[in-house]
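Here's a quick briefing for anyone opening this structure for the first time. Have a look at the sequence and the model, then read on.

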Amino acid sequence: MSISSFKALAKSFVDNTFAEYVQVYSFEQITKIPDGQGGFTVIWASFANVTGFVKIDSGREGELDDHIKSQYSRKFSFEFIAGLTNDMRILYDGDYYNVRSIKSAQDSTIWIDVLADKDIAS
């Protein structure tokens, strides 16, 4: 079985079996835009919109500067996309998550897992 036919079979299986669990999220990367005065303005621009799974990985709380600091980690799993880097962020359900690690299943170009965390100071 070729990789492309396996990908199609896996996508069909996921779409038909887990449709109610699939989430949509967006990867963003830093982009420099000329400001017209010889410098640049740095913005976050969309890199890819993804449909996949999201799982709560862990959560921690601590105190920093008289504030409660919470850190939420999530695991994002989806069909492989080339070009993802650790300096990107994920927009999911109105919140931003910093990419911490990118792992492909068995070093393949079929499926990928991204661990990301969200920091909040209250």
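This is a predicted model: local features need pLDDT of at least 70, side-chain atom pairs count only at pLDDT 80 or more; totals for chains, interfaces and linings use all residues.

A residue counts as buried here when its relative accessible area is under 20%, as exposed when over 50%, and as partly exposed in between, with a 1.4 Å probe and protein chains only. Residues are numbered from 1 along each chain as its sequence is written, and side-chain values use heavy atoms, leaving out hydrogens and water.

**Overall layout**
- The protein has one helix and six strands, taken from DSSP runs (H or I of at least four residues for helices, E of at least two for strands) numbered from the N terminus.
- Along the sequence, the order reads α-β-β-β-β-β-β.
- Out of 122 residues, 25% are buried.
- The accessible surface is about 8,200 Å², with 52% of it belonging to carbon and sulfur atoms; such areas come from the Shrake-Rupley method with a 1.4 Å probe, and for residues only the protein chains shown count as cover.

**The largest nonpolar core**
- A nonpolar core is a set of buried Ala, Val, Leu, Ile, Met, Phe, Trp, Tyr and Cys residues joined through side-chain atoms within 4.5 Å.
- The largest one has 15 residues, and Y25, F27, F76, F78, L84, I90 and V114 touch the most other members.
- Two or more residues each come from β1 (23-34), β2 (40-64), β3 (67-79), β4 (89-92), β5 (95-104) and β6 (111-121).
- β6 gives the largest share, three residues.
- Beyond its neighbours within four places in sequence, F76 is in contact (heavy atoms within 4.5 Å) with residues including Y25, F53, I90, Y97 and V114.

**Aromatic rings**
- Rings of Phe, Tyr and Trp (its six-membered ring) pair if their centres lie within 6.5 Å; planes under 30 degrees apart are stacked, over 60 edge-to-face, and the rest tilted.
- That rule gives nine aromatic pairs.
- One of them is F76 with Y97, edge-to-face at 5.7 Å centre to centre and 70 degrees between the planes.
- F76 sits in strand β3 and Y97 in strand β5, so this pair ties together parts 21 residues apart in sequence.
- Y97 is buried too, with a relative accessible area of 1%.
- Y97 also pairs with Y92, this time tilted, at 6.4 Å and 50 degrees.
- Ring pairs link Y25, F27, F76, F78, Y92 and Y97 into a cluster.
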